[in-house]
Amino acid sequence: MSTAAASAPRQGLVLADLLPASRAKSAVDAALVAGGAALTGVAAQISVTVPGSPVPVTGQTFAALLVGTALGARRGFLSLALYALAGMAGMPWFAEASSGWSMPSVGYILGMLVAATVVGALARRGADRSVPRTAGVMVLGSAIIYAIGVPYLALATGMTLSQAVAAGLTPFLIGDALKAALAMGALPAAWKLLGRRG
C-alpha cells in the first residue's frame with residue numbers, strides 16, 4: 001500500500017477515532033472523556049513547587065494537550081470541562097490534591113480547557129502527524145494556557161502583569177520545552193505505529 005493511500009483515510013481523524021468501531025459509540029466517547037479527565041487529574045499530582053510562585057510545575061498541562069490532540073476538539077473540551085468542574089466542585093485532583101475555584105491557578109485550568117479544544121481541532125487537520133507540526137501545536141497550546149493563566153494569576157493575587165509573568169510563566173518554560181519534546185516524539189510515533197497496523 002502506498003504512503004498516500006495509507007494516509008488518505010486518516011485525514012480528519014484523531015488518534016481516538018482509530019479505536020475499533022463500536023455500536024455503543026456514545027459509551028466509548030463517555031469513557032474517553034472520563035479517561036481524559038482522569039489522566040489530567042493524575043498528571044496534576046506530578047507536582048514540583050516553584051520558589052516564589054503560587055503555581056507549581058505539574059504534568060497536567062502535558063496531559064491536557066495530549067488529551068486534546070488524541071481525542072479531538074469536542075472530546076478534549078468535554079474532558080477538560082469535566083476535570084475543571086469536578087475539581088471546582090471539590091474533587092481533590094488539581095495540583096497537589098487541591099480543589100475549588102478560588103485558587104490563583106484556576107486561570108491555567110481554564111486555559112487548558114481552551115487549549116485542549118484548539119489543539120484537538122488542529123489535530124483533526126493532521127497537525128499531530130509530524131514532529132515539526134506537533135511542535136507548533138504544543139507551542140500554541142502552551143501559549144493559550146499562559147495567555148489565560150498569567151493574567152488571571154495577576155488578578156487573583158494583586159501582582160502586576162510583569163510580576164505574574166515572572167512568577168507564572170518564566171519558571172515553566174524549560175519544563176514546557178521538555179513536555180513538548182515528549183509530545184513531538186510520542187504523537188507522530190503513535191500515528192506511524194497505527195498506520196502500519198491499519
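Author: Once neighbours within four places in sequence are left aside, Met138 is in contact with Leu65, Thr69, Ala180, Ala183 and Leu187, where contact means heavy atoms within 4.5 Å. The model is a predicted one, in which local features need pLDDT of at least 70 and side-chain atom pairs count only at pLDDT 80 or more, while totals for chains, interfaces and linings use all residues. Residues are numbered from 1 along each chain as its sequence is written, and side-chain values use heavy atoms, with hydrogens and water left out.

A helix here is a DSSP run of H or I with at least four residues, strands being runs of E with at least two, and both are numbered from the N terminus. H3 and H6 pack at an angle of about 120°, with their axes 11 Å apart; the axes are lines fitted to C-alpha atoms, for helices over the stretch in contact, and the angles run from 0 to 180 degrees between N-to-C directions. That angle makes H3 oblique to H6, since angles under 35 degrees count as roughly parallel, over 145 as roughly antiparallel, 65 to 115 as roughly perpendicular and the rest as oblique. Thr61, Leu65 and Thr69 of H3 meet Val137, Met138, Gly141, Ser142 and Ile145 of H6, and these residues divide into 4 nonpolar, 4 polar and no charged. In that count Ala, Val, Leu, Ile, Met, Phe, Trp, Tyr, Cys and Pro are nonpolar, Asp, Glu, Lys and Arg are charged, and the others, Gly among them, are polar.

H3 also packs against H2 (residues 25-44), at an angle of about 160° and with the axes 7 Å apart. H2 and H3 are therefore roughly antiparallel to each other. Their contact brings Leu32, Gly36, Leu39, Thr40, Ala43 and Ala44 of H2 against Gln60, Ala63, Ala64, Val67 and Leu71 of H3, a set made up of 8 nonpolar, 3 polar and no charged residues.

Returning to Met138, we find it again in the largest nonpolar core, where Leu80, Tyr83, Tyr108 and Met138 touch the most other members among 45 residues. Such a core is a set of buried Ala, Val, Leu, Ile, Met, Phe, Trp, Tyr and Cys residues joined through side-chain atoms within 4.5 Å, and buried means under 20% relative accessible area, exposed over 50% and partly exposed in between, with a 1.4 Å probe and protein chains only. H5 gives this core its largest share, 9 residues.

Thr134 is also placed in H6, and it counts as buried because its relative accessibility is 1%. Beyond residues up to four places away in sequence, Thr134 touches Ala127, Asp128, Arg129, Ala183, Met184, Leu187 and Pro188. Although Pro188 and Thr134 are 54 residues apart along the chain, their C-alpha atoms are separated by 7.6 Å. Leaving aside neighbours within four places, Pro188 is in contact with Asp128, Arg129, Ser130, Val131, Thr134 and Ala183.
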